[in-house]
Amino acid sequence: MTTQLIPGIDQSSVTPILVTGSWTTGSGGSSEVRSPFNGELLGKVPALTPAEVDTAVEYAHRTLETSPLPQWQRAEILDRAAVLLAARREEFGIAIARESAKPIKTARVEVDRAVSTLQFSAAVARTLSGDVVPLEASPVGAGKLGFIMRVPVGVVGAIAPFNFPLNLVVHKVGPAIAAGCPVVLKPASQTPFSSILLARLLEEAGLPDGYLQVVTGGGGTVGNALVDNPKIALITFTGSPDVGWGIRSRAPRKRVGLELGNNAPVVIEADGDWKTAAAKIKIAGFSHAGQSCISTQRILVHRSIADAFVEELVAGVTTLVVGDPMDDATDVSALISQSERDRVVGWIAEAVADGGSVACGGNVDANGVLMPTVIVDANPQMNVCAMEVFGPVVAVQVYDDFDDALRIANDSDFGLQAAVFTSDISKGLKAARTLDFGGVLVNEVPTWRTDQMPYGGLRDSGNTKEGPAYSVREMTEERLIILHG
């Protein structure tokens, strides 16, 4: 009798993946996938060879040439997929929770968001259009009609992260289908099963053969094979800045869309609703153990309210339930790997050695889970401020002048999202004009996101915008058509 910790995934055998029109286990061996929380074996996936990836890309390229998808069909497939995914909320939630150690109640929310992302992608597929070019505005254009068609850019190579193993995959696959592009998808090695289940679901929703292939394996083999293949027209990557910019330099002739890291700041003015800020940061700094590129990390708080704010924040953070991701009560669980946990623990120790203090947390519990941590007396040079922690840690810095706080917030290699809490509209507008980030939120945490908005950053945070309507722009070419009567 087989065991299935993830519905539909047999622990004892290699799980087939969808490549070149069939479900296969490949020829390059396999790798185990284990729970980040307790190390339990969840299943095995194929470890494809570069040659197998090249074959998948060629298959996708041929599919686009021979079987283009009309817009109405793209939209109907995406709508059906959204309905199917909503009906399987628990199944996908369990997969996310098991393979990423995301608490199950948070994993269910991720499924809900992925449903919305599919729905928004369907809407884009239905409304995708070009522009009329006023050729007759010049004498040589008399008698001619000009318009723009948006056509698929080609085969999309999608390289996904572990922290949102369903919704961030859907943010790549959904817009690609809406644009009419076949996708060759490499899920994160730690979290492949959400992508495999998604491929099964899309097949059931009527996605034709060749429009989604899942290639599992390491970044150095499968990932590089995707990046290097000349028939990949666009790479969409979410992950670390070092890897992302390495891909960009490795593929100078491709379109490369990067969604990378951040060390999200929030500025809390004395006139702002700092109690609400503390309540929101309790969630925004520690959801999925801080493993989000817009996890609230740097807290800049006015000196006059700093003590009261920290007391309020710590009181909230210490109520977070830490433990098994499959427990409905759990708020915070394990980081994706022990090595990542140990790195974050090291950064906490460095912060303390540099004059910071741990107001709560900082220790590893009996299950090996790092407790939610608040560091006070932080300074901008500490790793917990200057770098992306990607762990359950927030760092509190005190300021006296609003302009100084904005300057400190801007003093970063990252630029994804930032926030300010204030009741003064002029300060809110000043922050909007001054904070050099892809998104600025007023009276909301920088961790807030909805899936239809343009989402992306500057500098080491990336070079593109996500959100189906914005991703489709990247995944299509503008083709000028001129008709002479």
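This is a predicted model: local features need pLDDT of at least 70, side-chain atom pairs count only at pLDDT 80 or more; totals for chains, interfaces and linings use all residues.
The side chain of Asn229 reaches the backbone nitrogen of Lys231, and the distance is 2.8 Å. To place Asn229 in the fold, show the elements on either side: it is found in the loop between helix H7 (219–228) and strand E10 (232–238).

Is Asn229 buried or exposed? Its relative accessible area is 8%, and buried means under 20%, so Asn229 is buried. Leaving aside residues up to four places away in sequence, Asn229 touches Asp54, Val57 and Lys254.

Next, go to Ile17, in strand E1 (residues 17–19). Ile17 has a relative accessible area of 0%, so it is buried as well. Which residues does Ile17 touch, not counting residues up to four places away in sequence? Select these in turn:

- Ser22, Trp23 and Thr24
- Pro46 and Leu48
- Ile196
- Val214, Val215 and Thr216

Then pick the C-alpha atoms of Ile17 and Pro192. These two residues are 175 residues apart in sequence, while their C-alpha atoms are 9.8 Å apart in space.

The next stops are helix pairs. Two packed helices are described by the angle between their axes and the distance between the axes.

Show helix H2 (residues 71–87) together with helix H6 (residues 193–204). Their axes are 9 Å apart, and the packing angle is about 125 degrees. H2 and H6 are therefore oblique to each other. The crossing of H2 past H6 is right-handed. To see the contact itself, display the side chains of Ala81, Leu84 and Leu85 on H2, then those of Leu201, Leu202 and Glu204 on H6. Colour them by class: the contact of H2 with H6 has 5 nonpolar residues, no polar ones and 1 charged one.

Finally, select helix H9 (residues 274–284) and helix H10 (residues 303–317). How do their axes cross, and within what distance do they come? The axes cross at roughly 35 degrees and come within 9 Å. H9 passes H10 in a right-handed crossing. On the H9 side, pick out Trp274, Lys275, Ala277, Ala278, Ile281 and Lys282. On the H10 side, they meet Ile305, Ala308, Phe309, Glu312, Leu313, Gly316 and Val317. Coloured by class, the contact of H9 with H10 shows 9 nonpolar, 1 polar and 3 charged residues.

How values were computed. Residues are numbered from 1 along each chain as its sequence is written. Side-chain values use heavy atoms; hydrogens and water are left out. Axes are lines fitted to C-alpha atoms, for helices over the stretch in contact, and angles run from 0 to 180 degrees between N-to-C directions. Helices (H or I, at least four residues) and strands (E, at least two) are DSSP runs, numbered from the N terminus. Angles under 35 degrees count as roughly parallel, over 145 as roughly antiparallel, 65 to 115 as roughly perpendicular and the rest as oblique. A crossing is left-handed if the near helix is turned anticlockwise from the far one by less than a right angle, and right-handed if clockwise. Contact means heavy atoms within 4.5 Å. Ala, Val, Leu, Ile, Met, Phe, Trp, Tyr, Cys and Pro count as nonpolar, Asp, Glu, Lys and Arg as charged, and the others, Gly among them, as polar. Buried means under 20% relative accessible area, exposed over 50%, partly exposed in between (1.4 Å probe, protein chains only). A polar contact is a pair of N or O atoms within 3.5 Å; within protein, one must be able to donate a hydrogen and the other to accept it, and residues adjacent in sequence count only if both atoms are side-chain atoms.
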